[in-house]
Amino acid sequence: MRRTLGIAPLMFGSLIGGFVLWQIAAQGVSNVVFAPPSAVLAHLGRDMASGVLPMALIGSLAHLVIGFALAVIVAVPLGFAIGRSAVVAAMVDPVMSAIYAVPPVALVPFLIIWFGLFFEARVALVFLMAFFEIVVTVTAGARNVDPALLAVGRSFGASRARLVMRVILPASLPFVFTALRVGLVRAINAMITAELFLAAVNLGALMKQQAQRFDMAGLLSIVLLLCLLGLVAQEGLKALETKLLPWHVRRP
Amino acid sequence: MKRLGYNILGIILALALWELIGRAVGAELFAPPSVVLPEFVALVRQGQIIVELAASLRQMIVGFALACMIGVTVGIAMGRSRICDGLFHPWLSMFVVTSVAALVPIFVLLFGTGFWFRVAIVFVASVWYVMLTVYHGARGVEPRFIDVGHSFGAGPLRSFRSILLPALYPYIMTALRIGLIHAIRAMVVAEMFVILGYGGMIYRAGYQPSTAPLLALLMTLMLVSVGVNEMLRLAGRKLAPWYDEQMGLTKIRLS
C-alpha cells in the first residue's frame with residue numbers, strides 16, 4: 001500500500017507536467033499544426049455537450065460490443081480446447097502464429113469482398129482482431145495449469161468433468177481475464193480502424209471531416225476520448241478480476 | 001521431434017482445409033493455395049513486390065530501431081528506479097491502449113505522407129510495447145543476483161553490465177519480437193491509409209477480380225514476419241540459453 005501511495009503523486013505530477021509542456025510547446029505554433037491541450041479539452045467539452053460525440057460514440061460501440069461478444073463466445077472455448085490437448089496445440093501452434101503475423105488491417109480488402117463496407121464488415125474486423133488475441137492467451141493459460149494441482153485432484157478421485165470444473169477452469173481464469181483485457185483493447189482499436197478503413201461512419205467519419213478541415217484540436221480530442229475508453233475498459237476489467245478472482249494474486 | 005511432426009501435420013491440414021474452402025467458394029471470394037502459389041511465383045518473378053516490400057521495410061526498420069533504443073533504455077530505467085517509473089508509467093499506460101489507426105490522420109497532417117510519417121507511426125506503435133516488456137523484466141531481476149555482485153565488490157557500472165543486462169537479454173529479445181509485430185502492423189496501417197508502398201499494393205489488390213494476388217501479398221508479408229520473428233527467437237536462445245524456459249509464461253502476461 002505504502003508503495004503505491006509513494007509513487008502516486010509522482011505519476012500525477014508527471015501527467016500535469018506533460019500537459020503543461022504540451023501547452024507551452026503548442027503555444028508558438030498555429031492550431032493547424034499542433035493544438036494545445038486547452039484547445040483539445042475545450043473541443044472535447046463542446047462536442048460532448050452538443051451531442052455530436054456521444055451519438056458517434058454510441059454508434060461505434062454497437063459494432064464494438066457485438067464483435068467483441070462474438071469473439072469471446074467463440075475464442076474462449078476454442079482456446080481451452082486447443083490448450084488442454086498437447087497434440088492439438090502442437091498442430092494449431094504454427095498456423096496460429098502465421099495468421100497472427102498478418103496485420104489485421106491487411107484483411108480489410110477481404111472483409112469488403114465478403115461483408116461489404118458497412119456494419120457487418122465492421123463487426124467482422126472487431127471480431128477478427130479480438131479473436132486471435134483471445135485464443136492465443138486462453139490457449140497459453142489452459143496449457144499452463146500447474147500439473148501438481150491436477151495430480152492432487154486425481155489422487156482425491158475427481159472425475160474428468162469435476163477436474164475441468166474445479167481445477168482447470170479456476171486455474172486458468174486469470175488468463176481468461178488477461179485475454180479479455182487484451183482482447184477488449186484490441187477490439188477498441190479495431191472499432192476505430194474499421195471506421196477509418198471501411199465506409200467512414202461515426203467517430204471515423206468525424207475524424208475524416210476534421211482532417212479535411214485541418215482541425216487538429218478535434219482530431220486530438222477524439223484520440224483522447226478513445227484513449228480514455230481504452231483505459232476505462234482495461235481498468236474496469238482489472239477491478240472485476242480482483243473482485244471475482246480473489247485467489248489469484250496479481251503481480252503488480 | 002514428435003512435436004515437430006505434429007507442427008508439420010497441422011500446417012498440412014490447414015493448407016488442405018484452405019484448398020477445400022477455396023475450391024468451394026471460388027477464387028473471387030477466397031483463392032485456394034493451388035491458385036495463390038502460381039500467382040505468388042509470378043509476382044516475385046515480376047519483381048515489383050520485392051522492391052516495394054524492401055522499401056517499406058527499410059522505413060519500418062528506421063522507426064523500429066528508434067523505438068527499440070528508446071524503449072529498452074526507458075524500460076530499464078523504469079524498472080530499476082521508482083522515480084522513472086512514476087514519471088513514465090502514466091504515459092506508458094495511456095499510449096499503450098491508444099489505437100494506432102486513430103493516430104494516422106493526425107500524423108498525416110503533421111508529417112505528410114513521406115518517409116518521416118511512416119517512421120513516426122511505426123515508432124509510436126512499437127515503442128510502448130518494447131518499453132513495457134523490458135520494464136517488467138527489469139523489475140523482476142532476482143535481487144540476490146545484484147546482492148552477490150555487491151558482495152564481490154561490483155560497482156554500479158559493472159553490476160549493470162555483468163548482471164542486470166544479461167538477466168534482461170531474454171526480455172529484450174521478447175520485447176523486440178512483440179515490438180516487431182506491432183511495427184509491421186503499423187507499417188501496413190499507415191501505408192494502406194495513404195495508399196503507398198506495400199500497404200498500398202495490398203489495398204489496390206482488393207479491387208482485383210481474383211483474391212489470388214491479395215493472398216499472395218499477405219503470404220509474403222506473413223513469411224517475412226514469421227522469418228524475422230524466428231531469427232529473433234534463435235538470437236534470444238543463443239544470447240541466453242535459458243530463454244525458452246523463462247519466457248514461456250512471461251510472454252502471455254505481457255502481451
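The structure is a predicted model, and every value given here was computed from it.

The description starts with the two chains taken separately. Chain A contains 10 helices and 0 strands, so that its pattern along the sequence, by the DSSP runs, reads α-α-α-α-α-α-α-α-α-α. Along the principal axes, the C-alpha atoms of chain A fill a box of roughly 70 × 55 × 30 Å. Chain A has 252 residues, and 40% of them are buried. When contacts in chain A between residues at least 6 apart in sequence are considered, 75% of them join residues at least 24 apart.

Chain B has 12 helices and 0 strands, and its pattern read along the sequence is α-α-α-α-α-α-α-α-α-α-α-α. A box of roughly 70 × 55 × 30 Å, taken along the principal axes, is filled by the C-alpha atoms of chain B. Chain B has 255 residues, of which 41% count as buried. For the contacts in chain B with a separation of 6 or more, residues 24 or more positions apart account for 73%.

In chain A, domain 1 covers residues 1-30 and domain 2 covers residues 35-244. The C-alpha centres of domain 1 and domain 2 of chain A lie 29 Å apart. Between these domains of chain A, 5 residues of domain 1 are in contact with 4 residues of domain 2. The side of domain 1 of chain A that touches domain 2 of chain A has 3 nonpolar, 2 polar and no charged residues.

For chain B, the domain assignment gives domain 1 as residues 1-27 and domain 2 as residues 31-254. Here the C-alpha centres of domain 1 and domain 2 of chain B are 28 Å apart. The contact in chain B involves 6 residues of domain 1 and 8 residues of domain 2. Helix α1 of chain B, residues 2-25, gives the most to the side of domain 1 that touches domain 2, with 5 residues. By class, that side of domain 1 of chain B has 3 nonpolar, 1 polar and 2 charged residues.

Inside chain B, one helix pair can be followed in detail. Helix α5 of chain B (residues 82-96) packs against helix α7 of chain B (residues 115-139) at an angle of about 130 degrees, and their axes are 9 Å apart. On α5(B) the contact is made by B:Leu92, B:Phe95 and B:Val96, and on α7(B) by B:Trp128, B:Met131 and B:Leu132. The contact of α5(B) with α7(B) has 6 nonpolar, no polar and no charged residues.

The two chains also meet each other. In this interface, 51 residues of chain A are in contact with 50 residues of chain B. On the side of chain A that touches chain B, the elements that give two or more residues are α1 (2-27), α4 (86-101), α5 (108-115), α6 (119-143), α8 (160-197), α9 (202-212) and α10 (216-244) of chain A. That side of chain A has 39 nonpolar, 11 polar and 1 charged residues.

Two residues remain, and both concern the backbone. Most residues other than glycine have a negative phi. A:Asn202 has a phi near 45 degrees, a positive value in a residue other than glycine. A:Asn202 lies in helix α9 of chain A. A residue is buried if 20 or more other C-beta atoms lie within 10 Å of its own; A:Asn202 has 22 C-beta neighbours inside 10 Å and so counts as buried.

In chain B, B:Ile195 has a positive phi of about 50 degrees, although it is not a glycine. B:Ile195 is placed in the loop between α9 (156-194) and α10 (197-205) of chain B. With 13 other C-beta atoms within 10 Å, B:Ile195 is partly exposed.

Terms used. Residues are numbered from 1 along each chain as its sequence is written. Chains are lettered from A and ligands numbered from 1 in the order in which they are written. This is a predicted model: local features need pLDDT of at least 70, side-chain atom pairs count only at pLDDT 80 or more; totals for chains, interfaces and linings use all residues. Axes are lines fitted to C-alpha atoms, for helices over the stretch in contact, and angles run from 0 to 180 degrees between N-to-C directions. Helices (H or I, at least four residues) and strands (E, at least two) are DSSP runs, numbered from the N terminus. Two residues are in contact if their C-beta atoms, placed from the backbone, lie within 7 Å. Ala, Val, Leu, Ile, Met, Phe, Trp, Tyr, Cys and Pro count as nonpolar, Asp, Glu, Lys and Arg as charged, and the others, Gly among them, as polar. Domain bounds come from an automatic or database domain assignment. A residue is buried if 20 or more other C-beta atoms lie within 10 Å of its own, exposed if 12 or fewer, and partly exposed in between; C-beta atoms are placed from the backbone.
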